[in-house]
Each structure stands twice: as C-alpha cells, then as structure tokens.
Amino acid sequence: MRIKNQLHTISTLAIIVLIIFISFFILSASRYKTAKSVLNIADEVQIKFFVSTSLRDQYLLYREDRPKEQWVLVNQNLDNLLENLQALKGEDKNIKDIVEAKKKGSALFQRIIANTSLIKSSLPNKQVYSELDNRLISQMYIRHNEFFNGVQEIRSGTEKEVEKTYRNLITAITVLAVILSFIVIFSSWHLNRLISRRLEILHVGADIISQGKLEYRINIEGEDEFSDLATSFNSMTSKLQMNNEQLELERARSVQNAKLASLGEMSASIAHEINNPLSVIQLTNSRLLEKIKKEQLATDTIVHSLEKNQGAVDRINKIIKGLTNLSRDAVNEDIQVFSVENMMEQVLSLVGQKLNYANVELRVLIPPGDLFIESSLTQISQVLINLINNAHDAIANLPEKWIQVEFKLMPESALVQCSVTDSGNGIPPEIAEKIMQPFFTTKEVGKGTGLGLSISKEIIETLGGKFYIDHECPHTCFVFELPKIFNR
Ligand SMILES: Nc1ncnc2c1ncn2[C@@H]1O[C@H](COP(=O)(O)OP(=O)(O)OP(=O)(O)O)[C@@H](O)[C@H]1O
Ligand SMILES: [Mg+2]
C-alpha cells in the first residue's frame, strides 16, 4: 500500500475517533451542565422554602401582616424558581408533583390568611372558624411536607446525575487520549519501520552505483513511493550505463583515430628520413654511372662510392627496423624489457629530421650506463613522440628553440621519471586545466585533433604510472613516472 494512502487511512481513522469522542464529550458536558444547574436551583428552592416556612410559622404565631407580606414575596420567588426548574427538566413527574404540592400548600395558606380575620372578629360562630383554621393548618403542613420531600428527592437524584455525567466526561477524555496515543504511537512506529527499511535499501543501492557499478539494480518490492523511486533510479542508472558504454565506444574510437593520426605523423617523419639517404644513393649511382661510361675508374673510387651507398642503405634499414619494431609492438601491445637509449634512438629516427629542419636543439639526458625498463616500448615511444611534437609546435616561432628529454631513476620508489621540457614559457593558466581533456586543441582546424595529451595520459596511467605538468618549472615541462617493472 502506498505510504500516502496509509497516511490517509490513519488520519481518517483518527478523525473518526475524534468526531465520535468529541460528540460523546459534548453530550456528557451538556448533561453535566444541566444537572449542575438543576442542583443549584434545587438548593435555592430549599433555601427559599425554609425562609417561606419560617415566615409562615411567624404569621401563624402572631397573625400579623408583616410576615404575611414577606411570605408573598418569597412565595413569588419560589414560583419563579420552580418555573426555571420545569424549563430545565421538562415533563418530569417529580417536578410536576412538587409544583402541585406547592400550589395546594400556598392556596391553603391563603385560605388560612382569609380565615384569620374571621377568627379575630366577634362573630358568634367564631369557634367554627378556629376549628377550620386548625384543619387548614394541618392540611397545609401535609402539602408543605410533600413539597419538601419532593425537592429532597429531586436534589438527591440530580446529585447522582451530576456525579454520573462527570464520570462520563472523564471517561470520554481518558479513552480519547488513550486511543489517539495508540494511533499516533502505532502509526509512527509502523511508518518509521517501513520508511527506514526502504530507505536503507535505496541508500545501499545508491552507494553501490556511486562506486561505478552501473549494472546494479535496486530491488524494492511492493507498490509505493519508494518502489517508484527505485524504478526511476534504475531507469536513470540504465541510461547512465548506456551513455557510459556509448562514451566508452567513442573514446575507444578516438583513441584508435589518434593512434592512426600519430602513425600518420610518423609516416611523414619516415618519408623525410628515407628521402635523404635515397637522394644520396641516387646521386652517387648516377655520378658513378656517368664516370664509368666516360673512363676506366680506379677500384678505390668505385669502393668509395659503393661504401657511401652502403651507409645510406644502412640508414634506411635502421629506419625500417625501428618502424617494424614499433608496428609489431603496437599490434601485440607487448610488454618487454628494453633500453631507454635504444628507445630514444628509435624515437629520434622518427622525429629527429623534423626537429633539424626547424632548427630545434634536442638534448637527451639518460643516466650513465643506460636504463632498462620492463613496459610497453611502443606506447611509451608514442607518448614521447606526442610530447616532442607538441613541444616542436609550441616553440616553432620562438627565437630560442630547444627541447630536453630527461630520464631519471628514483631508486627509493622503483620509478622511472621522464620529463620533456621545451624553451616555451609554460602553459597559460587559462588553458592549463583543459589541455588534458580529449579534443581540446589551440591548433588550427585540421592540424591538431586535441587527443595527443589525453591519450598519452591514458597510456601512462594504463601502464601504472602518473602523467602531469610540472608547474614549478620556469619552462613548459610535461612529466611522466612509470614503474620500472610493469605490474601485470
Ligand atoms: N609543449 C606545449 N607548450 C604549449 N602548449 C602545449 C604544449 N603541449 C600541448 N599544449 C597545448 O595543449 C593542447 C592539447 O594538446 P594535445 O597534444 O592534446 O592536442 P594537439 O597537439 O592540439 O593535437 P594533436 O596532438 O592531436 O595533434 C595543444 O593544442 C596546445 O594548446
Ligand atoms: Mg599533440
């Protein structure tokens, strides 16, 4: 069940309980209020009745006008109170009875008052009036007693009613508090358990995905907001995974393109390098041929020419050997033990000519006794060619042109450090952060792909090393550090 619906059900339940108990409470409160008012009036009736009986008795004793007049006023008050009582209690039999008794008692008292003047007169049958007076008095006492007992009964009944309604009120409040507390405690316990469990699953899933495991899917059973969230999360991860795969593919393609581009650069260098000895062979041959046609040549001259040609052929051989090595390794991506000196010789056979033409001085510094590394000859050569080409392009228009390639062994960490520094003034800060990103280039369209540095960085990192710019150096200096022995 969805959490929104669960909350809805709980709040509806709480509202129903609240309505039931509030109605019960209002009913009990109004009953309590009525009973309390009835009790107060009954008390007042009792008091007024005592006052009226004492006035009545005073009158009966002295038969004077003053208590009689006061009695009339009190009797009036008493009637008003009884009217109020009737209004509150409605058709109550007890009330009807006491009202009746009161009426009769008052009527009898009025008759006693009327009879008094006859008793006081000097009529001959005065005796008869005295007898009547006695009877009226005893009947009035009976009615007044009835009235008093009736009021007492109403009072004690009302007292019980007050107690009962008060108890009901307290019970309503207590039960309401208990039920509401139960609803609140149960719902918060239930929701807390539900939410924290589901959040935990989401949390764990998000952690796993953030570690790069994009194939992971969060599994939340049921149909609530959390399972919806998990589904959205999963579809987001699927898209990310797809994009990642696409990016990976694009990257692989770019790397391939860049490799081809650097092979293209290499081919241009090779063409330059081979052209030179070829021209030498051609020139020597044509001169020799001309001379042989004209005259008998001395063996020394022929040997000298042939040796010159042999030197040129050796040079071409060397270039081709270097290229074969590179291409064979490039295919096998072979890890092998090689000499840094030999590697630099191969690299220079490919870029040396270009640097010569541009009048760039190249310094190669290798520790005495050479340095041997177990790594990928091809890929490291490729990085060096990239860095030397970049340096060549950067200093092409500077008055001072030099490039220094320096290898150092760091025995304590078994690392080989190589720095390629050029006479430039460093990378401008506004582009220093971007130049390692794929496709970033400041070269004109068609000249640079912007992949050289990003690929070099990737190659070095794949070989277990680090690739960075040395910002401390006053010139432009790219550094890479490699383990002396590749860790497979
Ligand atoms: N030695 C350097 N001196 C100054 N800027 C450099 C140097 N090396 C690289 N850069 C800057 O870094 C950018 C990126 O270099 P990167 O080798 O990645 O690509 P590119 O040389 O532009 O293109 P590509 O290598 O594909 O021919 C260059 O365009 C250049 O602006
Ligand atoms: Mg480059």
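Modeller: Let's begin with a definition: two strands count as paired if DSSP finds at least two bridges between them. Please keep in mind that this is a predicted model.

Colleague: Thanks! With that in mind, how many bridges join strand 6 to strand 7?

Modeller: Strand 6 covers residues 466-469 and runs antiparallel to strand 7. A hairpin of six residues connects strand 6 to strand 7. Within this pairing, Ile-469 has Phe-478 of strand 7 as its bridge partner. Pairing needs at least two bridges, and the number joining strand 6 to strand 7 is four.

Colleague: Is strand 7 largely enclosed or open, and how many of its residues are buried?

Modeller: In a regular strand, side chains alternate between the two faces of the sheet. Here Thr-476, Phe-478, Phe-480 and Leu-482 point one way, while Cys-477, Val-479, Glu-481 and Pro-483 point the other way, and all are buried. Buried means under 20% relative accessible area. Strand 7 is therefore largely enclosed by the rest of the structure, the count of buried residues being eight of eight.

Colleague: Now to the ligand. What share of the accessible area of ligand 1 does the protein bury?

Modeller: Let's start with the polar contacts: a nitrogen atom of ligand 1 sits 2.9 Å from a side-chain N or O atom of Asp-422, and an oxygen atom of ligand 1 is 2.5 Å from a polar side-chain atom of Lys-443. The backbone takes part too, with a polar atom of Leu-453 lying 2.8 Å from an oxygen atom of ligand 1. On its own, ligand 1 exposes 590 Å², and the share buried by the protein is 90%.

Colleague: Which element gives the largest share of the shell around ligand 1?

Modeller: The shell holds 19 residues, and among the closest are Thr-441, Thr-442 and Thr-449. By type, the shell divides into eight nonpolar, eight polar and three charged residues. With three residues, the largest share comes from helix 8.

Colleague: Let's move on to charge pairs. How far apart are the closest N and O atoms of Asp-97 and Lys-93?

Modeller: Side chains of opposite charge can pair when their charged atoms come close. Both Asp-97 and Lys-93 belong to helix 3 (residues 93-120), where they are four residues apart, about one turn of the helix. Asp-97 is partly exposed at 39% relative accessibility, whereas Lys-93 is exposed at 59%. They form a salt bridge whose closest N and O atoms are separated by 3.0 Å.

Colleague: And which residue meets Glu-146 in a salt bridge?

Modeller: Helix 4 (residues 126-210) holds both partners, three residues apart, about one turn of the helix. Glu-146 is partly exposed at 38% relative accessibility. The N to O distance is 3.1 Å, and the partner of Glu-146 is Arg-143.

Colleague: Finally, how many salt bridges does a search of the whole structure find?

Modeller: One example is the pair Glu-361 and Arg-363, at 3.3 Å from N to O. Elsewhere, salt bridges link Asp-43, Arg-155 and Glu-159 in a network. Over the whole structure, the number of salt bridges found is 14.

Key: Residues numbered from 1 in each chain as written. Chains lettered and ligands numbered in written order. Predicted model: local features only at pLDDT ≥ 70, side-chain atom pairs only at ≥ 80, totals over all residues. Heavy atoms only, no water. Near = heavy atom within 4 Å. Polar contact = N/O pair within 3.5 Å; in protein donor to acceptor, adjacent residues only side chain to side chain. Areas by Shrake-Rupley, 256 points an atom, 1.4 Å probe, with all protein chains shown as cover. Helix = DSSP H or I, 4+ residues; strand = E, 2+ residues; numbered from the N terminus. Nonpolar A, V, L, I, M, F, W, Y, C, P; charged D, E, K, R; others polar. Salt bridge = Lys/Arg side-chain N within 4 Å of Asp/Glu carboxyl O. Buried < 20%, exposed > 50% of the residue type's maximum accessible area, 1.4 Å probe, protein only.
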